[in-house]
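Hello,

Here is the structure I said I would pass on. Please open it alongside this email; my notes follow below.

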Amino acid sequence: MLNPRNLFEFTSTIISPGICETWPKVQSWLGTPVNAEQMKGSVVAIHFTKTGGALAGKQLEAFAKIEKEFASQGVVFIAMCDANADPKKTQDALAALKCTMPIAHDQAQAEPEQDAKKPQKHGESAQAFGVHFIPTTIIIDRNGVVRAAGVKLDKTKELIEKFLAEAAH
């Protein structure tokens, strides 16, 4: 589990562009990967998604609208595709919305033989943030502190505005 006090403590070692030693643990990136330096000092909004259902589609559309409004203000947006989903579907859905935010495909959790009757677990990044239900949104302030988790998208804009107004320290 991530230390909720400061995410950026855990993102100082870059293994390759966009993949940090501790977070995010992703299988791959579609679009331009996001690295620790881009996140440092920025408000970061991560939307965990599993494209396919009506709710996920509506929420991804709402998240894309928020991204269009705030990306120019330095907010970092990431669509985190569930480890058990096809990130290409998320990419296609965002392309249809004319949105180019990067998509991270969450790293699957290493497990011994998975019982086919049990639901598949979410990925390592979802586990690190305590995500139990997808779709869900996490917002991190300029200091790397997770300030909101499980945010309803109608509150996301308000929280981003609030965190943008706060100074980093």
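Six salt bridges turn up in a search of the whole structure, which is a predicted model. One of them joins D92 to K88, with their closest N and O atoms 2.9 Å apart. Both residues sit in helix α3 (residues 87–96), four residues apart, so about one helical turn separates them. D92 is partly exposed, at 41% relative accessible area, and K88 is also partly exposed, at 43%.

Another salt bridge links the side chains of R147 and E166, at 2.7 Å from N to O. R147 belongs to strand β8 (residues 146–149) and E166 to the segment after α5, so this pair ties together parts 19 residues apart in sequence.

Within helix α5, K155 and E158 lie three residues apart, about one turn of the helix. Their side chains meet in a salt bridge as well, at 4.0 Å from N to O. Salt bridges with shared partners also join D141, R147 and E166 into one network.

Now the interior. In soluble globular proteins, nonpolar side chains tend to be buried together. The largest nonpolar core here has 24 residues, and F70, V75 and I160 are among those with the most contacts inside it. Helices α2 (54–70) and α5 (153–165) and strand β5 (76–81) each supply at least two residues of this core. A second, separate core has 16 residues, including V76 and A126.

What does I160 touch, leaving aside residues up to four places away in sequence? Its contacts are A45, I66, F70, V75, F77 and I139.

Regards

Conventions
Residues numbered from 1 in each chain as written. Predicted model: local features only at pLDDT ≥ 70, side-chain atom pairs only at ≥ 80, totals over all residues. Heavy atoms only, no water. Core = buried A, V, L, I, M, F, W, Y, C linked by side-chain atoms within 4.5 Å. Buried < 20%, exposed > 50% of the residue type's maximum accessible area, 1.4 Å probe, protein only. Contact = heavy atoms within 4.5 Å.
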